[in-house]
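Reader: Hi! Could you walk me through the helices in this one?
Author: Happy to, here it is.

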Amino acid sequence: LKSSLTKVTQKVQELWEIVNKDELNAVIASAKAIKAEGYTEESYDVLQEAIKAAEKVAANDDATTTEVSNAITAITDAIAGLEKTDIVDKSALEYEIGLAEIIVANIDDYRPSTVEGLADKLAAAKAVFEDATATQEAVDEAAATLREARLAARVKADLTALEEAIEKAKRYDLSKYTKESAQSLRDAIGKAETVLRNE
């Protein structure tokens, strides 16, 4: 009689716990809200299988308390076992480094004020690129900084034609021209030489 009473009591308790699957349903809902992005495919697949199995338990009116408990445990274990992807996309940074290297290699062709500090920023970007522990955020920030510095670079004006024009003008024998027109040319040459000296 005592044994039978114990079994009946256990069954009644199980029936109550089976009907009350709020915790299981809450765990399933939380797990389904987790997106695949940022996790390895293998670990995410394990979570999806755990969710499918748990949903079957949740839909089964005859599921035991042990099955409910195991389903909850399987999902929480799968969540804990999610592995983050270690792949950091450095393609944009690599692209910016390549363009900046071209500018630095030909630095004399650029106006000094527009490329000031570019070499240092390039070196810093390379350090981030070569850092195996660099985060995606650090890589993106380095690429943005280098891009901004690169876009600020301005090529010097080609002064060859101006130099030739000045030399040609200086060869004129101004004594053959009117005083006013000769002075006009001298003024033009002076202004041109000022531009020529301006880096």
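Author: One definition to begin with: the expected span of a helix is 1.5 Å times one less than its number of residues. Also, please keep in mind that this is a predicted model.

Reader: Thanks! How many residues does helix H4 have, and what does it reach from its first C-alpha to its last?
Author: Helix H4 (residues 65-80) has 16 residues. Its C-alpha span is 22 Å, close to the 22 Å expected.

Reader: Which residues are buried in H4?
Author: Those are Thr 65, Val 68, Ala 71, Ile 72, Ile 75 and Ala 78.

Reader: Switching topic: at what angle do the axes of H2 and H3 cross?
Author: Helix H2 (residues 22-32) and helix H3 (residues 41-59) cross at roughly 150 degrees, and their axes come within 10 Å. Angles over 145 degrees count as roughly antiparallel, so H2 is roughly antiparallel to H3.

Reader: Nice. Which residues make the contact?
Author: From H2 there are Leu 24, Asn 25, Ile 28, Ala 31 and Lys 32. H3 brings Leu 47, Ile 51, Ala 54, Glu 55, Val 57 and Ala 58.

Reader: How many of them are nonpolar, polar or charged?
Author: The contact of H2 with H3 has eight nonpolar residues, one polar and two charged.

Reader: Is that crossing left-handed or right-handed?
Author: H2 passes H3 in a left-handed crossing.

Reader: Last one: where is Ser 3 found?
Author: Ser 3 sits in helix H1 (residues 2-19). Ser 3 is partly exposed, at 48% relative accessible area. From Ser 3 to Ser 184 there are 181 residues in sequence and 124 Å in space, C-alpha to C-alpha.

Note on methods
Residues are numbered from 1 along each chain as its sequence is written. This is a predicted model: local features need pLDDT of at least 70, side-chain atom pairs count only at pLDDT 80 or more; totals for chains, interfaces and linings use all residues. Side-chain values use heavy atoms; hydrogens and water are left out. Axes are lines fitted to C-alpha atoms, for helices over the stretch in contact, and angles run from 0 to 180 degrees between N-to-C directions. Helices (H or I, at least four residues) and strands (E, at least two) are DSSP runs, numbered from the N terminus. Angles under 35 degrees count as roughly parallel, over 145 as roughly antiparallel, 65 to 115 as roughly perpendicular and the rest as oblique. A crossing is left-handed if the near helix is turned anticlockwise from the far one by less than a right angle, and right-handed if clockwise. Contact means heavy atoms within 4.5 Å. Ala, Val, Leu, Ile, Met, Phe, Trp, Tyr, Cys and Pro count as nonpolar, Asp, Glu, Lys and Arg as charged, and the others, Gly among them, as polar. Buried means under 20% relative accessible area, exposed over 50%, partly exposed in between (1.4 Å probe, protein chains only).
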